[in-house]
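Please examine the structure shown below together with its sequence.

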Amino acid sequence: MTATLERKKHSIDLTGRVVGRVATEIAVLLQGKHKVSFVPNRDMGDFVEVKNAGELQVTGKKSEQKEYRRFTGYPGGLRSTLFKDLIVKNPAKVLWNAVYHMLPKNKLRRGRMKRLTFIR
């Protein structure tokens with residue numbers, strides 16, 4: 001019994017919304033957990049289109065204290081970027097990082113992230 005997969009397109013406006021709350025909403029849509037026919041080992045999620053990523057908000061002192069860290073693979077290669085610098089340079093990357101780390105760490109994550117698009 002093969003059922004056809006129907007993917008819907010969701011559009012989310014980020015004006016005045018908090019990063020973490022929006023990221024959880026997007027992660028649920030990308031996984032397909034909002035559907036009755038959800039199966040954890042299949043990629044059944046929908047497309048998510050995001051507008052106004054530059055108008056995201058954070059609570060507390062995160063805008064001054066939060067930093068994103070990555071490792072280049074070389075000795076002494078730990079690079080860090082502050083939230084306040086990244087939100088000015090590339091606001092979509094802030095939300096992308098939040099959603100990426102909320103999805104399950106398995107082979108389906110890359111395909112799910114490809115269905116997340118940003119509109120300026």
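In this predicted model, Ala 27 has a relative accessibility of 4% and therefore counts as buried, because that term applies to residues under 20% relative accessible area. Ala 27 is placed in helix α1, which covers residues 19-31. Although Ala 27 and Tyr 100 are 73 residues apart along the chain, their C-alpha atoms are separated by 8.1 Å.

The wider view may now be considered. Of the 120 residues in the protein, 32% are buried. The protein contains 5 helices and 5 strands, and these elements follow one another along the sequence in the pattern β-α-β-α-β-β-α-α-α-β. The C-alpha trace spans about 55 × 35 × 25 Å along its principal axes.

Strand β4, made of residues 78-82, runs antiparallel to β3, and 5 bridges join the two. In this pairing, Phe 71 stands opposite Leu 78 of β4. The hairpin of β3 and β4 has 6 residues between the strands, and Gly 73 in this hairpin adopts a positive phi near 105°.

Strand β3, residues 67-71, also contains Arg 70. Is Arg 70 buried or exposed? Its relative accessible area is 54%, so Arg 70 is exposed; the cut-off for that term is over 50%. Arg 70 also belongs to a positive surface patch, which it forms with Arg 79, Lys 89 and Lys 93.

Methods. Residues numbered from 1 in each chain as written. Predicted model: local features only at pLDDT ≥ 70, side-chain atom pairs only at ≥ 80, totals over all residues. Heavy atoms only, no water. Patch = residues over 30% accessible without salt bridge, like charges linked within 9 Å, V, L, I, M, F, W, Y side chains within 5 Å. Areas by Shrake-Rupley, 256 points an atom, 1.4 Å probe, with all protein chains shown as cover. Salt bridge = Lys/Arg side-chain N within 4 Å of Asp/Glu carboxyl O. Lys, Arg positive; Asp, Glu negative; His and termini not counted. Charge placed at Lys NZ, Arg CZ, Asp CG, Glu CD. Helix = DSSP H or I, 4+ residues; strand = E, 2+ residues; numbered from the N terminus. Buried < 20%, exposed > 50% of the residue type's maximum accessible area, 1.4 Å probe, protein only. Pairing = 2+ DSSP bridges.
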